[in-house]
Amino acid sequence: MLRILLVSDLGNNIGLGHYSRAKILKKEIINCYKRKVQFTNLFISEEKNKLIKTIKKENFEKKLFKLLKIKKINKLIFNVSRFFEPELYNLIKILSKKKNLELFAIDGFIKKSFFFKKIWIPNIALKQKTFDKKKIKFGWDKILIDPKVEEKTKNNKKNVLILIGGTDRYKIGEKLPKLLKNNFKNFTFYWIQGPFAKKPSINKNFKNFKIIQNKLNLKNIYAKMDFAFVVFGVTFFEVLRNKIPHVLFFHKSKIEDMHLIKKLINLKFNVCGDYPEAIKRMKELTENYKKSTIQINKLSKLIKFKKRNKFIKNFLG
């Protein structure tokens with residue numbers, strides 16, 4: 001019997017990406033092993049959240065060891081942000097010495113890979129030039145999103161989805177609404193406001209803007225959208241999977257992002273790093289809907305879910 005505990009964090013600095021992955025991972029593992037698995041999620045956050053049951057960081061270790069004992073956990077998976085990861089190094093060292101407990105990681109701990117049995121990177125690129133290829137797995141067939149999509153509704157070619165993540169760390173909501181209002185007169189913008197993001201700068205004069213709050217599942221919304229503006233993260237892969245022509249925005253790109261950005265540009269994604277370029281790319285998309293749909297239909301085929309159960313069983317052993 002697999003008794004799995006998945007530890008994930010969420011909050012103002014990191015948004016909901018790890019939460020989304022946790023929900024999908026639980027579903028995939030249970031579908032793979034059926035009745036041979038017991039699965040427990042543990043979510044950590046420094047801020048209170050009405051939508052998701054979490055525990056505070058200061059209570060984490062006590063809660064973790066309690067769950068390990070009570071539920072007799074034999075597979076412990078860490079699905080945490082780069083902000084929280086360094087705080088766990090001493091704990092990981094202690095846990096690695098426990099008998100009958102195997103450690104796994106999602107999207108992190110590459111520098112500490114010797115403590116883990118396997119590491120799953122739900123991304124298409126890895127900045128490290130050297131790594132253990134048998135232990136660390138990534139690629140277009142390792143993305144953690146729901147493979148099922150809603151059937152598209154009849155599109156009017158005027159609905160634009162704005163996705164800036166669960167938190168607006170770069171304050172996109174302060175500048176982008178005005179630029180969209182001034183450059184796109186006959187479009188309706190659906191702005192997804194994450195639970196850790198401030199309300200975008202939209203007033204009564206912004207008649208074609210709809211703010212959608214506290215929405216953890218966007219399936220039905222994706223089905224109605226013609227275009228999207230999205231920052232890189234889980235929602236980027238969801239937009240791609242749902243075949244929505246989009247602009248992919250990397251604001252204040254970090255050096256470690258450059259390998260990924262270069263790869264996406266080579267694949268002909270509409271990648272941009274500043275607002276003027278984003279508006280230009282958005283106009284190109286919206287002015288040629290047929291070309292945009294042909295392009296996104298081709299790119300969406302990059303995401304693959306074949307032999308998923310086989311990979312999960314190899315991953316967890």
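# Reading a predicted fold, residue by residue

Colleague: Is Asn-123 buried or exposed?

Modeller: Asn-123 is buried, at a relative accessible area of 15%. The classes are buried under 20% relative accessible area, exposed over 50% and partly exposed in between, with a 1.4 Å probe and protein chains only.

Colleague: What should I know about the model and its numbering?

Modeller: This is a predicted model, in which local features need pLDDT of at least 70, side-chain atom pairs count only at pLDDT 80 or more, and totals for chains, interfaces and linings use all residues. Residues are numbered from 1 along each chain as its sequence is written, and side-chain values use heavy atoms, with hydrogens and water left out.

Colleague: Where is Asn-123 placed, and which residues does Asn-123 touch?

Modeller: Asn-123 sits in the loop between strand S5 (118-121) and strand S6 (136-138). Helices (H or I, at least four residues) and strands (E, at least two) are DSSP runs, numbered from the N terminus. Not counting residues up to four places away in sequence, Asn-123 touches Phe-138, Gly-139, Ile-143, Phe-232, Phe-237 and Leu-260. Contact means heavy atoms within 4.5 Å.

Colleague: Phe-237 is on that list. Which residues of H6 are buried?

Modeller: They are Val-234, Thr-235, Phe-236, Phe-237, Val-239 and Leu-240. That is six of the eight residues of helix H6 (residues 234-241), so the helix is largely enclosed by the rest of the structure. Just after H6, Lys-243 takes a positive phi of about 55 degrees.

Colleague: Which residues take a positive phi although they are not glycines?

Modeller: Asn-100 is one of them, at about 60 degrees. Lys-171 is another, at about 55 degrees. Asn-100 lies in the loop between H3 and strand S4 (102-106). Lys-171 lies in the loop between strand S7 (159-163) and helix H4 (172-183). Asn-100 counts as exposed, at 71% relative accessibility. Lys-171 counts as partly exposed, at 48%.

Colleague: Now a polar side chain. What does the side chain of Ser-81 make a polar contact with?

Modeller: The partner is the side chain of Asp-9, at 2.7 Å. A polar contact is a pair of N or O atoms within 3.5 Å; within protein, one must be able to donate a hydrogen and the other to accept it, and residues adjacent in sequence count only if both atoms are side-chain atoms. Ser-81 is buried, with a relative accessible area of 4%. Its place is the loop between strand S3 (75-79) and helix H3 (89-95). Leaving aside neighbours within four places in sequence, Ser-81 is in contact with Asp-9, Ile-14 and His-18.

Colleague: How do I read a pair of packed helices?

Modeller: Two packed helices are described by the angle between their axes and the distance between the axes. Axes are lines fitted to C-alpha atoms, for helices over the stretch in contact, and angles run from 0 to 180 degrees between N-to-C directions. Take helix H8 (residues 275-287) and helix H9 (residues 289-300): their axes come within 5 Å and cross at roughly 100 degrees. That makes H8 roughly perpendicular to H9. Angles under 35 degrees count as roughly parallel, over 145 as roughly antiparallel, 65 to 115 as roughly perpendicular and the rest as oblique.

Colleague: Which residues make the contact of H8 with H9?

Modeller: H8 brings Glu-284, Leu-285, Thr-286 and Glu-287, while H9 brings Tyr-289, Ser-292 and Gln-295. By class, this contact has two nonpolar, three polar and two charged residues. Ala, Val, Leu, Ile, Met, Phe, Trp, Tyr, Cys and Pro count as nonpolar, Asp, Glu, Lys and Arg as charged, and the others, Gly among them, as polar.

Colleague: At what angle do the axes of H1 and H10 cross?

Modeller: The axes of helix H1 (residues 17-33) and helix H10 (residues 308-316) cross at roughly 95 degrees and come within 10 Å. H1 is thus roughly perpendicular to H10. The contact joins Glu-28, Ile-29, Cys-32 and Tyr-33 of H1 to Arg-308, Asn-309, Ile-312, Lys-313 and Leu-316 of H10. It has five nonpolar, one polar and three charged residues.

Colleague: Zoom out. How many helices and strands are in the protein?

Modeller: There are 10 helices and 12 strands. The radius of gyration is 20 Å, close to the 20 Å that the globule rule gives for 317 residues, so the protein is as compact as a globular protein of that length. This radius is taken over C-alpha atoms; the rule is 2.2 Å times the number of residues to the power 0.38. Of the 317 residues, 51% count as buried.
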